[in-house]
Amino acid sequence: MLIYMLATAMTVAMLIATVFGLHQEAQRVRVKATTKRYEGFGPRKPYRHY
């Protein structure tokens, strides 16, 4: 019975850690998206003659 209690506790702890990590990643992406300025279709590269 004890092993099932420990397994349940670890499962719940991992689910909470996953939700917390996803929340942190979403915040990071949201901040990155709002601070990035619009660059059209992608980053501009200077034209180079070869």
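Does Tyr-4 count as buried or exposed, and at what relative accessibility? Tyr-4 counts as exposed, because its relative accessibility is 61%. The cut-off for exposed is over 50%. The model behind this value is predicted.

**Overall fold and surface**

The protein chain has 1 helix and 0 strands. Helix H1 covers residues 2-35. The chain holds 50 residues, and buried residues make up 0% of them. Buried here requires under 20% relative accessible area.

**The nonpolar patch**

Tyr-4 lies in helix H1. Tyr-4 also belongs to a nonpolar surface patch.

**The salt bridge**

The count of salt bridges comes to 1. Arg-28 and Glu-25 form it through their side chains, with an N to O distance of 2.5 Å. Both residues sit in helix H1. They are separated by about one helical turn, because they are 3 residues apart there. Arg-28 counts as exposed because its relative accessibility is 52%. Glu-25 has a relative accessible area of 39%, so Glu-25 is partly exposed.

The accessibility values discussed above are listed here.

| Residue | Relative accessible area | Class |
|---|---|---|
| Tyr-4 | 61% | exposed |
| Arg-28 | 52% | exposed |
| Glu-25 | 39% | partly exposed |

Methods. Residues numbered from 1 in each chain as written. Predicted model: local features only at pLDDT ≥ 70, side-chain atom pairs only at ≥ 80, totals over all residues. Heavy atoms only, no water. Patch = residues over 30% accessible without salt bridge, like charges linked within 9 Å, V, L, I, M, F, W, Y side chains within 5 Å. Areas by Shrake-Rupley, 256 points an atom, 1.4 Å probe, with all protein chains shown as cover. Salt bridge = Lys/Arg side-chain N within 4 Å of Asp/Glu carboxyl O. Helix = DSSP H or I, 4+ residues; strand = E, 2+ residues; numbered from the N terminus. Buried < 20%, exposed > 50% of the residue type's maximum accessible area, 1.4 Å probe, protein only.
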